[in-house]
Amino acid sequence: MTSLKGVCFEVCAPVMSFRKPRYENYQLSYTIPPKTMVAGMIAYAYNHGEKFFYNLLEDFQYGVVTLSLKGKFKDLWRAIQGKGEKGGERAVFQREKLFYPHYRIYVTSNKFLDKILKALKEPENPIYLGLSEDLVEIRNAQEITLNPIVSNTIDTIIPINWMNKIENFEWEKSLEELKTFFPPHIESMITDFQVEFRGSIRTKREPIKTVELLIINGGKFKLKEQVEIYQGIDDDHILLF
């Protein structure tokens, strides 16, 4: 591992929701923003078309640290089933939402780092993460150097194939209540798509790559052995995906 140039920023809002793609009538939320949604937020803020999003996603790694999360709740959402089709029926859906989430996000890119920073500091569109009606606040966006270190503690996320390396879980004292409401859990997240365009119009999009992660909101994984990771700010220990 070598040092990497990256961008670090915080994102927070009273409410966020990161919809899991396989759920319809009851829409569950991830507890951290997936890589695709972070890239989508940056691409929309940069405002250079949908193709930029897919180009960014191919040249993009990210890591997340959960700084705070107050809880979760369900709201009711009225929508039209079969929208755009004759005879579409109105239906009520349930959506899971996160209450006062606050994350620190790290991103790296070989080609687009300057564009990422510009999008976060000088957005050309309103910034949202997850649902388009849930606007978010970006704080402390800055370019940083991520230096490799060797440690046995990692914040928030590790790959599922490291499960047998876990010795214990540690929570920040102010966030200990999260181990009851958001215990360590496994998530599968899409990380890449196969797409086709005809001019500027996308004609095809299919998921082609996923990652299996173990997530601990507001805490750290303590491992049985030392591993190579990256040192972020405020003593964050992160892996990039």
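1. Setting aside neighbours within four places in sequence, Glu124 is in contact (heavy atoms within 4.5 Å) with Ala45, Tyr46, Asn47 and His48. Glu124 belongs to the loop between helix 3 and strand 10, where helices (H or I, at least four residues) and strands (E, at least two) are DSSP runs numbered from the N terminus. With a relative accessibility of 45%, Glu124 counts as partly exposed; buried means under 20% relative accessible area, exposed over 50%, and partly exposed in between, with a 1.4 Å probe and protein chains only. From Glu124 to Trp162 the sequence separation is 38 residues, and the C-alpha to C-alpha distance is 40 Å.

2. A word on the basis of these values. The model is predicted, so local features need pLDDT of at least 70 and side-chain atom pairs count only at pLDDT 80 or more, while totals for chains, interfaces and linings use all residues. Residues are numbered from 1 along each chain as its sequence is written, and side-chain values use heavy atoms, with hydrogens and water left out.

3. Helix 1 (35–46) is mostly covered, with nine of its 12 residues buried. These are Lys35, Thr36, Val38, Ala39, Met41, Ile42, Ala43, Ala45 and Tyr46. The length of helix 1 agrees with expectation: at 1.5 Å a residue its 12 residues should span 16 Å, and its end C-alpha atoms are 17 Å apart. The expected span is 1.5 Å times one less than the number of residues. Asn47 follows helix 1 and has a positive phi, near 65°.

4. Helix 1 packs on helix 2 at an angle of about 135°, the two axes being 9 Å apart. Axes are lines fitted to C-alpha atoms, for helices over the stretch in contact, and angles run from 0 to 180 degrees between N-to-C directions. This makes helix 1 oblique to helix 2; angles under 35 degrees count as roughly parallel, over 145 as roughly antiparallel, 65 to 115 as roughly perpendicular and the rest as oblique. On the helix 1 side, the contact is made by Lys35, Thr36, Ala39, Gly40, Ile42, Ala43 and Tyr46, and on the helix 2 side by Phe52, Phe53, Leu56 and Leu57.

5. The axes of helix 1 and helix 3 cross at roughly 75° and come within 8 Å. Helix 1 is therefore roughly perpendicular to helix 3. Here Met41, Ile42, Ala45 and Tyr46 of helix 1 meet Lys115, Ile116, Lys118, Ala119 and Leu120 of helix 3.

6. Which residues of helix 3 are buried? In this helix (residues 113–121) they are Leu113, Ile116, Leu117, Ala119 and Leu120. Viewed down the axis of helix 3, the buried residues fall within an arc of 160°, so they line one face of the helix; the arc is that of the directions from the helix axis to the C-beta atoms. Asp114 and Lys121 are exposed, on the face of helix 3 turned away from its buried side. The cover over the buried residues of helix 3 includes strand 1 (4–12), helix 1, helix 2 (50–58), strand 9 (102–108) and strand 10 (137–159).

7. In helix 2, Phe52, Phe53, Tyr54, Leu56 and Leu57 are buried. Their cover includes helix 1, helix 3, strand 12 (185–198) and strand 13 (201–231). Val195, in strand 12, touches Tyr54, Arg202, Lys204 and Arg205, not counting residues up to four places away in sequence. Val195 and Tyr54 are 141 residues apart along the chain, yet their C-alpha atoms are separated by 8.2 Å. Val195 counts as partly exposed, at 26% relative accessibility.

8. Ile105 lies in strand 9 and is buried, with a relative accessible area of 0%. Ile105 and Pro126 are 21 residues apart in sequence and 18 Å apart in space, C-alpha to C-alpha.

9. Two backbone angles in strand 10 deserve a check. Most residues other than glycine have a negative phi. Asn140, found in strand 10, has a positive phi of about 55° although it is not a glycine. Thr156, also placed in strand 10, has a positive phi near 65°. Thr156 is buried, with a relative accessible area of 0%.
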